[in-house]
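These are my notebook entries on one protein chain. I record what I looked up, entry by entry.

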Amino acid sequence: MVSKKFRARGIAATVAVLALGLAACSSDGGDSGDKTPDAGGGDKGGNIKVGFSQLGAESGWRTANTESVKASLTAENGIDLTFSDAQQKQENQIKALRDFIDQGVDVIAFSPVVETGWDEVLQEIKDAEIPVVLVDRTVDTTVADPYVTWIGADFKQEGITAGEWVKANHPDAKIFEMQGTLGSGAQVDREAGFDEVVGAENIVGKASGNFTRAEGKAAMEAALQAYPDMNLLFAHNDDMGLGAIEAIEAAGKVPGKDIIIVTVDGVRDGLQALVDKKFNYVVECNPVFGDQILDAIKKVHAGEELPKETIVVDEAFDQTITQADVDARAY
Ligand code: AHR
């Protein structure tokens, strides 16, 4: 995936701007039940049948992304949606994809929990001639042309942006890197971008917190014991950073001072920690792109040409962000 430069600034911009010219449509705000066709009834009068496999509900980012997807893929917008939550388990996701094939959906959209292990099911989808819109994370597969289009963030650039801030502001830091779900595009690429900039010799340790608050807390508790000289945490998402704050305070240290904290996402809780001076820098990963997924699905279904990838452009925030900015945050 291409790396694009971020615009770093002190306040949040909540609207994702898409590269490659995909048009934005309506606004977000609704909901629909898991593993059930979207409310709207019947055969939806020619609506596009979409199977969407979400990887889980592990973070504030994921919750906001799911809300955005469900608000856009509605019967009113011409979609007959079957939504499935895989609870961060690849086997659940593969089962959901097979169910979608059996249901004969028109389009499959999914956000893969990890990059590898999809060859068989992607081939089955291809054999069934169902087009795929890949969302958020990416796949690494031997299947040729496994998806029509991908929409998501430039994870490598997010890591680079975080690394550049660390290098400029804390060049001598002893860094602990808390990784997201191992083998996920978000973990692999953020780590590659960050490590490239700060240099492996400045990273005293790494461990995964699986993108969740609870596992982030546990990983930080262990890291405080294992790396007593560590003074900077780079967490691959806000939720793990928020869990780490609890561990740092419990150890009698001050987050944001004794241990500098840099995260990715920019959900409201993360930006609040920035205002409260417990986080020091947050690189945004904007989850609100359901309208763009809707647009892509409609074009795919109509057989229109689409770019192979569409990058959601992100911002970055430092401690100059205000409470008003946080209060105005949409997610
Ligand atoms: O793939 C996007 C990442 O997944 C978000 O940064 C993280 O919060 C989520 O779990």
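**Entry 1**

I began with strand β9 (residues 232-235), and I found both of its faces covered. I note here that the model is a predicted one.

I then looked up the strands that pair with β9. Strand β7 (residues 175-179) is joined to β9 by 4 bridges, and the two run parallel. In this pairing, E177 is the residue opposite F234 of β9. With strand β10 (residues 260-265), β9 pairs over 3 bridges, again in the parallel sense. Here L233 has I261 of β10 opposite it.

**Entry 2: The chain as a whole**

I next recorded the overall figures. The protein chain contains 10 helices and 13 strands. It has 331 residues, and 57% of them count as buried. Its accessible surface is about 12,800 Å², and carbon and sulfur atoms hold 49% of that area. I also looked up how far apart in sequence the contacting residues are. Among contacts with a separation of 6 or more, 78% are between residues 24 or more positions apart.

**Entry 3: A sheet of six strands**

In what order do the strands of the open sheet of 6 strands lie? I read the order as β3-β2-β4-β5-β6-β12, with parallel pairing. The edges are formed by β3 (79-85) and β12 (309-312), each of which pairs on one side only. From one strand to the next, the twist averages 15°.

Strand β4 (residues 107-110) runs parallel to β2, and 4 bridges join the two. G51 has I108 in β4 as its bridge partner.

**Entry 4: V135 in strand β5**

I then turned to V135, which belongs to strand β5 (residues 132-135). Is V135 buried or exposed? It counts as buried, because its relative accessibility is 0% and the cut-off for buried is under 20%.

Which residues does V135 contact, once neighbours within four places in sequence are left aside? I listed F52, A109, F110, S111, P112, W150, I151, F289 and I293. For one of these, W150, I looked up the spacing to V135: the two are 15 residues apart along the chain, and their C-alpha atoms are separated by 5.8 Å.

**Entry 5: S59 in a loop**

S59 is placed in the loop between β2 (48-54) and α1 (60-72). Its relative accessibility is 7%, so S59 counts as buried. Apart from neighbours within four places in sequence, S59 is in contact with F211, N237 and D239.

**Entry 6: Helices α2 and α3**

Finally, I looked up a pair of helices. Two packed helices are described by the angle between their axes and the distance between the axes. For helix α2 (residues 90-103) and helix α3 (residues 119-127), the axes come within 10 Å and cross at roughly 10°. Angles under 35 degrees count as roughly parallel, and therefore α2 is roughly parallel to α3.

Which residues make the contact? From α2 they are I94, L97, R98 and I101, and from α3 they are E120, V121, E124 and I125. I sorted the residues of this contact by class: 5 are nonpolar, 3 are charged and none is polar.

How values were computed
Residues are numbered from 1 along each chain as its sequence is written. This is a predicted model: local features need pLDDT of at least 70, side-chain atom pairs count only at pLDDT 80 or more; totals for chains, interfaces and linings use all residues. Side-chain values use heavy atoms; hydrogens and water are left out. Buried means under 20% relative accessible area, exposed over 50%, partly exposed in between (1.4 Å probe, protein chains only). Contact means heavy atoms within 4.5 Å. Accessible areas come from the Shrake-Rupley method with a 1.4 Å probe; for residues, only the protein chains shown count as cover. Axes are lines fitted to C-alpha atoms, for helices over the stretch in contact, and angles run from 0 to 180 degrees between N-to-C directions. Angles under 35 degrees count as roughly parallel, over 145 as roughly antiparallel, 65 to 115 as roughly perpendicular and the rest as oblique. Ala, Val, Leu, Ile, Met, Phe, Trp, Tyr, Cys and Pro count as nonpolar, Asp, Glu, Lys and Arg as charged, and the others, Gly among them, as polar. Two strands pair if DSSP finds at least two bridges between them.
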